[in-house]
Structure formats: structure tokens, C-alpha cells
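Please consult the sequence and structure shown here while reading.

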Amino acid sequence: MTVRFTGKKPSRRAFLKGTLASTAGVVAGAGAAKAAGPDPLITEKQDWAMSTGDGVDATPYGLPIKYEDDVIRRNVEWLTADTISSINFSPIHALDGTITPQGCAFERHHSGAIELRKEDFRLMINGLVDTPLVFTYEDLERFPRVNKTFFLECAANTGMEWAGAQLNGAQFTHGMIHNMEYSGVTLRTLLEEAGLNAAGDLKDKWVYVEGADASSNGRSIPMEKALDDCMIAFKANGEALRKEHGYPARLVVPGWEGNMWVKWIRRIEVTDAAVESREETSKYTDTLADGTSRKWTWVMDAKSVVTSPSPQSPIKHGKGPLVITGLAWSGRGAITRVDVSKDGGKTWETARLANPGQPMALTRFYLDTEWNGEEMFLQSRAMDETGYVQPTKAMLREVRGENSIYHNNCIQTWWVKADGEAENVEVS
Ligand SMILES: Nc1nc2c(c(=O)[nH]1)N[C@H]1C(S)=C(S)[C@@H](COP(=O)(O)O)O[C@H]1N2
Ligand SMILES: [Mo]
């Protein structure tokens, strides 16, 4: 097995230091578990039990406790010097379950997050419809409502990893993703309200959707998808959409690339052809080795990543019981199985899905295992209900070359060293 490292190989000295540190950790850990001596946290009276805590009026709207203040969005400075037309990453290495809290869910905008009042919100449906309509926010609230959970993955997620292992952390390699429970109305309901008879045969029709921000982020979506499962969402995880996620309403396009999920949605035009806007021609297409580009690559293929252990979430407890966990998802349907390898893909064990996979939503997996304290080359491999199996990086490069930015759904490798630290590497 050849291993390619993110940075320089660790020096022998650094390696020895690491080994010593880990040995000490194991001894201390084992001692604590056996309760070698009296533990003041058990035997002494504690400050927090000797007086009263905060009253219910102290926190009208709560934030995470200060001890969790490293569970935040992060950006990569060299990648996004401009913070307006920019992106940050969800701290997936530190989260569990499947729902991404809005407060740390990654953001991507092309011209900054705008502040739009509900009173100023208007959504127009025009083009090939019987009656062009304009909805206010209050109008939207009066249509039959649905609740559904979906992941949103930016097509550029993992995009920096095409040419080699580059960013050292699951947050940076895979954090352009979030998963929320949306409440809203289906796009079908609104299109039917405007009437589609004027459009004639819907088979080759499209909708062109755009946002109220300066970029407008216009995209064309085939009518079949628009009528299938798209939503205009105004709540996420039970509360109003945050400003940065498109308040007061955004488009939800389940399983399809994040760029199509137009925020601050203002207009939906029914057309008889795709508009071929900037966002669907010069951007969000993949250039192949021969210089030609793939067109209409909307669906996000099955993918997974081990979130812990990982570079930002090293093993601190030494050998023994270890929970390996991660996320899997597919834009084509439900995740049916996730396998985990500790030896860079030579052998695989099937992980436990925390809950049965839901179509086009994140699935949490666990591998409850024993760590022997030796290095591991950790990988995960997702399978979805269509039978699709997540490919290796080599397989993906074979078909796509190395010119791409978008749609990298390859298997990720973390080199977990004997001291529990982890690093982004490639194996072949
Ligand atoms: N109006 C508008 N919608 C937009 C964008 C934008 O810049 N403006 N960015 C798109 C991109 S590229 C992505 S990946 C998702 C990101 O959604 P989020 O910020 O809620 O994570 O929104 C999409 N919708
Ligand atoms: Mo994106």
C-alpha cells in the first residue's frame, strides 16, 4: 500500500514523542476507569451545588454553553480570502446524529447574505403559466404544508481533494453539507395555483429560479423535478430560516447540488428551454481530462466520511473500546449500508446505521470496535438503495481526470496514528 501524506512525513523525533505521549495517556486512562483513589468530584461538595444557577429569564434564546465554543463554522483562509462571495464549513467532526443546527450549518453565498423582511418578500411565478402570480409571505403560509428532512451538499464539497490529500479535517474536506428538517409548501402546489395548461406538454419544460440577492444565483430546473419533490421552505429545524440560509424563504431541491437551492427566492419562470445561466455553464460543470465538460450534473452521488476519529477529533483515550462514527448520504435515495475499513480498503466491516436511511437525508453510522493501539487507515464506503457503491479516488480519477472541482464523492482516508492523532492521506 502506498500512502501519500498531506504535508511532510513526521520526523523520527516527533514520532517518538507521539508514542511516549500515547503510552502515558493509556496508563492515566486505565487508572481513572478503575477509580484508583478518592475522586474529589465524587467525594467533595461542588460549587455548582452550593448556590442557585441561572433563572429562566437569563437566556430568552440560548446559545451553546461556552465549553463548546470550538464547535463553529470555519473557513480556509487561503481558499476564501474574499468573505462575501465565499463559503464556510460545518463542524461535522464535532456533531452527532444527523440534524445540523442552523447556527453552525455551512453558508455559501455569491454576493453576501442579505437581510430581507417578511413584509418585503415577494415571490413571482411567470412565464408559461395560465395566470402569472405574486405571493406574499403570508400567502405562502396559507397553502397546505409539508415537513421533510434533506441534506444540502455544495457541488464543490471535497473539491480541493481531486489532485491530492489537501485539507486536514472532515470539516474542511466534507463540511460543505448540512441536513435540516424543512417546513414549507411544495413547488407543485404553487405551480398548479398559477396553472400549467399554457405550458402545453410539460415533458420538456423547465423552471428558471432566482433569488433576491445581487447575484440572483439563477438556475434552470427540469419541470419533472420541480413537480416531483421541490419545496419552498420557510422553516428549518422548527424555527425560521436564518438570514444566511435564505430568510424568509428558500428553494429546496432534494438530492441535487446545493447551488440549485436558491435562497431569498423571488421568481420562478416556467420556460420551454434551460436558460444556460452562468451558474450552470461556466460554473458547476466538471471539466474532463480531454477538456470537454460534463453537462447537467445535478444529482449528488452516494458519499460518506468518518467524522470521528478524524484530524480534528483524534483518539484521546488509548486502546480499548472505540466508537468510529460518520455520515453517509445519497442524492438518489436512501443509504442502505456503510462499510468501514481500518486498513485502507483491504478489508471491510459493515457499520451499524443509527436509524434506517431516509431518502436524500444524512444517515449516521457507528462501528463499535476495539482499538489495538496500532495505526489505522480509516475509510468508509456508502451504498444506496439503487445499488450504487461509493467509488475510490483512483476510480473517480480514471473517469473524470483531475481538472474537476465539483462532484468529488470518493472514499476518504484518515491515517490514525498510534498516538491517536489523524491525518488526511491518500492510499493506493
Ligand atoms: N440566492 C442565492 N441562493 C443561493 C446561493 C447564493 O449565493 N444566492 N448560493 C448557492 C450555493 S452555491 C449553495 S451551496 C447553497 C448553500 O446554502 P446555505 O448557505 O444554506 O448552506 O445555496 C445556494 N443558493
Ligand atoms: Mo455551492
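The points below treat the cavities and the ligand in turn.

The model is predicted. The protein has 4 cavities of 30 Å³ or more, and the space taken by ligand 1 is the largest cavity.

**Largest cavity**
- The largest cavity holds about 240 Å³ of space.
- Its lining comprises 22 residues, and those nearest the centre are Arg 108, Arg 250, Gly 258, Trp 261 and Lys 263.
- The lining of the largest cavity divides into 7 nonpolar, 9 polar and 6 charged residues.

**Ligand 1**
- Ligand 1 is surrounded by 22 residues, with Phe 106, His 110, His 245, Arg 250 and Lys 263 as the closest.
- The shell around ligand 1 contains 7 nonpolar, 9 polar and 6 charged residues.
- A polar side-chain atom of His 178 is 2.8 Å from an oxygen atom of ligand 1.
- For His 245, a side-chain N or O atom lies 2.7 Å from an oxygen atom of the ligand.
- For Lys 263, the corresponding distance from a side-chain N or O atom to an oxygen atom of ligand 1 is 2.5 Å.
- Of the 530 Å² of accessible area that ligand 1 has on its own, the protein covers 100%.

**Second largest cavity**
- The second largest cavity contains about 60 Å³ of space.
- Residues lining the second largest cavity include Ile 92, Asp 96, Thr 100, Leu 327, Leu 362 and Arg 364.
- By class, 5 of its lining residues are nonpolar, 3 polar and 2 charged.
- The second largest cavity lies between domain 2 (92-280) and domain 3 (303-425), because both domains contribute residues to its lining.

Note on methods. Residues are numbered from 1 along each chain as its sequence is written. Chains are lettered from A and ligands numbered from 1 in the order in which they are written. This is a predicted model: local features need pLDDT of at least 70, side-chain atom pairs count only at pLDDT 80 or more; totals for chains, interfaces and linings use all residues. Side-chain values use heavy atoms; hydrogens and water are left out. On a 1 Å grid over the protein atoms alone, a cavity is a set of points where a 1.4 Å probe fits but cannot get out, and a pocket is an open set with protein on both sides within 12 Å along at least five of seven lines; lining residues have an atom within 4 Å of a point. Grid points are joined across faces, edges and corners, and a volume is the space filled by probe spheres set on the points. Ala, Val, Leu, Ile, Met, Phe, Trp, Tyr, Cys and Pro count as nonpolar, Asp, Glu, Lys and Arg as charged, and the others, Gly among them, as polar. Domain bounds come from an automatic or database domain assignment. A residue is near a molecule or strand if one of its heavy atoms lies within 4 Å of it. A polar contact is a pair of N or O atoms within 3.5 Å; within protein, one must be able to donate a hydrogen and the other to accept it, and residues adjacent in sequence count only if both atoms are side-chain atoms. Accessible areas come from the Shrake-Rupley method with a 1.4 Å probe; for residues, only the protein chains shown count as cover. A molecule sits in a cavity or pocket if more than half of its atoms lie within 2 Å of its grid points.
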